[in-house]
Amino acid sequence: MVSPHGVQLAGHLISCYYGDLCSKVCQCLLNRGPITLAQIARFTELTRDNVQNCLRVLVHQNYVQAFALQQEGGFGEAPRIVTHYMALFENIIHKLRAPKFMQIVSEELGNDCLEIFQGFIEHGRISVDQIINRKEEIARRNRGSFDANVVRENFRKLLNARFIERRPAPEPYLAPPSEEDHPAKKRGAKSAKIVPEQTLEQRALAAAAPMESLRFLMEMDDLTEEKGGDSDNTVAVGKKRKQDVLKSDDVLMEDADKKKEVLFRVNFEEFMCRLRHKACISYVKTRFNDEASIVLSAVLGLSSRSERQPKAEKSAELSINAIYDEVIKKEGGLGLDVERVITSLEQLGCETHLTDSDDSYCVDIKDIIERARNEEVESMVLRRYGREAYRIFKHLSKAGRFLETDWIADKTFVEKKDAIMILYKLWKDDYVQMEKSSTGGVRPSVLLQCKISRMLQEKFLDELYHAALNLRLRIAHEKDQAKEVLQLPKEKLVGELKRRYELAQKVRIVLESSLINLDDAIMLFQNF
């Protein structure tokens, strides 16, 4: 489930870009989970037409996913298939990162590809023909040149870089779980790896995901996509699911779907992978030195070519020769020799694997992310509770287990009375867990033990959502206050008006920079 402030932030983002009705539908889905159109209308007290229009917008912007689910019928009735809708929280929060995505595209592929990519940021799902028509209209308006082949080539570059992908299936059908999906546990199979059961949301996303062979394919050939129908139509199980069966796609999709055009959307996984690597490199540069960051950049660059998981815990195993060849291609890496590269790999805590030809190295990406998270929380404790609390919290974080209060006070050089007061504050704010334990002997005594709370990262992430929401509201307030000055032409900005304009610009830059840094911390805990 999404945290309370996460729901508020998502609702605020939807409200700013798509209106209050869409925000109301979105918050309903985030709070209640996957539900049907009729349930959304009942919980939000909106009309059916309003709910359908909101869902059409949210689906097209990749913020809601529809799926068909079998439900038991009434007394004497056959089971029926009903369309459900679920909100995609992470996709909504990605709206904050649109400038970062566009910067990556601009740096790697140039402004021509960036102009096409901006269409996906603004409109959600677009076909190739729609992109060509959009570019043609812009060229005609600006009286510039236009070449459809150039547009197609730039579109293909975005696909090859995996910045965009085919849209998911509009309404996948989730079959009810069978006995084969839940085999009985056999005795003596303790060594077997237990695979956690997928949630309903995970099953729906997996069923909707396009085939890997088609995901980044541009040409249609003879492939077509079926369209669906109205979201509340239900059918008895066993009948064919054709156009007259599940009609939710007609309600939710645009005319492009009805013409069987292939729609594409932003591939958030690729951008999150790149930003994850960038965060690791930035942390290592701050924590160690420039050489270690150059080596890590080379390792992650080589590893990304073979990565298949969006959150890979470890890099690929790479030989020292392959790493060195990549290091000297990096800016500042030409002056490094093999010995210094090996030293940097040891600083990163790489796992070494001996092979017949050469040693191979593997970077623990998950460990780097975890250390960055711990330092982020520790810095918050330092700012909020002071240096003594910071020492206590850092000591507990490194221990990772329950420690006695007397022992904590001795090791952190804090007075016992002060240590207990600090621990009480941290416990009250859910930063640490506390429990009492009794000692044996002739005179048993009660000891107070503490350790870091298991739910700390979830609580900290919710606080980050709250801070991001407050910053967004403050930015909107400042823009509204300076609206008259910002709308004035430059020639009229003199004297007091010029001073107010410059002040408003400075405030905007500071607040937006703070929001970008805050979003980096949100990604660290939510997406990495």
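Here is a walk through the structure, from the whole protein down to a few single residues.

What you have is a predicted model, where local features need pLDDT of at least 70, side-chain atom pairs count only at pLDDT 80 or more, and totals for chains, interfaces and linings use all residues. Residues are numbered from 1 along each chain as its sequence is written, and side-chain values use heavy atoms, with hydrogens and water left out.

Let's start with the overall picture. Of its 528 residues, 42% count as buried. Here buried means under 20% relative accessible area, exposed means over 50%, and partly exposed is in between (1.4 Å probe, protein chains only). Take contacts, meaning heavy atoms within 4.5 Å: among those between residues at least 6 apart in sequence, 67% join residues at least 24 apart.

Now for the space inside. Rolling a probe the size of a water molecule over the atoms shows where empty space is left. On a 1 Å grid over the protein atoms alone, a cavity is a set of points where a 1.4 Å probe fits but cannot get out, and its lining residues have an atom within 4 Å of a point. Grid points are joined across faces, edges and corners, and the volume is the space filled by probe spheres set on the points. By that rule there is 1 cavity of 30 Å³ or more. The largest cavity holds about 130 Å³ of space. Its lining has 13 residues, and Tyr63, Phe120, Ile121, Val266 and Phe268 lie nearest its centre. Helix 6 (98–109) and helix 7 (111–123) are the elements that give two or more residues to this lining.

What about disulfides? A disulfide is a covalent bond between the sulfur atoms of two cysteines. With the cut-off set at a pair of cysteine sulfur atoms within 2.5 Å, a search of the whole structure finds 0 disulfides. Cysteine 22, for instance, is in none, and its nearest cysteine sulfur, that of cysteine 54, is 3.9 Å away. Cysteine 22 is buried, because its relative accessible area is 5%. Cysteine 16 has a value of 45%, so it counts as partly exposed.

Next, a look at two residues and their surroundings. Arginine 373 sits in helix 18 (residues 365–385) and is buried, with a relative accessible area of 12%. Leaving aside neighbours within four places in sequence, arginine 373 is in contact with Gln457, Leu524, Phe525 and Phe528. Histidine 353 belongs to strand 9 (residues 351–353) and is partly exposed at 26%. Once neighbours within four places in sequence are set aside, its contacts are Glu317, Asp358, Asp359, Ser360 and Cys362. Histidine 353 and glutamate 317 are 36 residues apart in sequence, with 8.1 Å between their C-alpha atoms.

Finally, on to the backbone. Most residues other than glycine have a negative phi. Arginine 162, though not a glycine, has a positive phi near 65°; you'll find it in the loop between helix 9 (148–160) and strand 5 (164–166). Aspartate 430 also has a positive phi, of about 65°, without being a glycine, and it lies in the loop between helix 21 (416–428) and strand 12 (432–438). Aspartate 430 counts as partly exposed because its relative accessibility is 47%.

Technical notes:
On a 1 Å grid over the protein atoms alone, a cavity is a set of points where a 1.4 Å probe fits but cannot get out, and a pocket is an open set with protein on both sides within 12 Å along at least five of seven lines; lining residues have an atom within 4 Å of a point. Helices (H or I, at least four residues) and strands (E, at least two) are DSSP runs, numbered from the N terminus.
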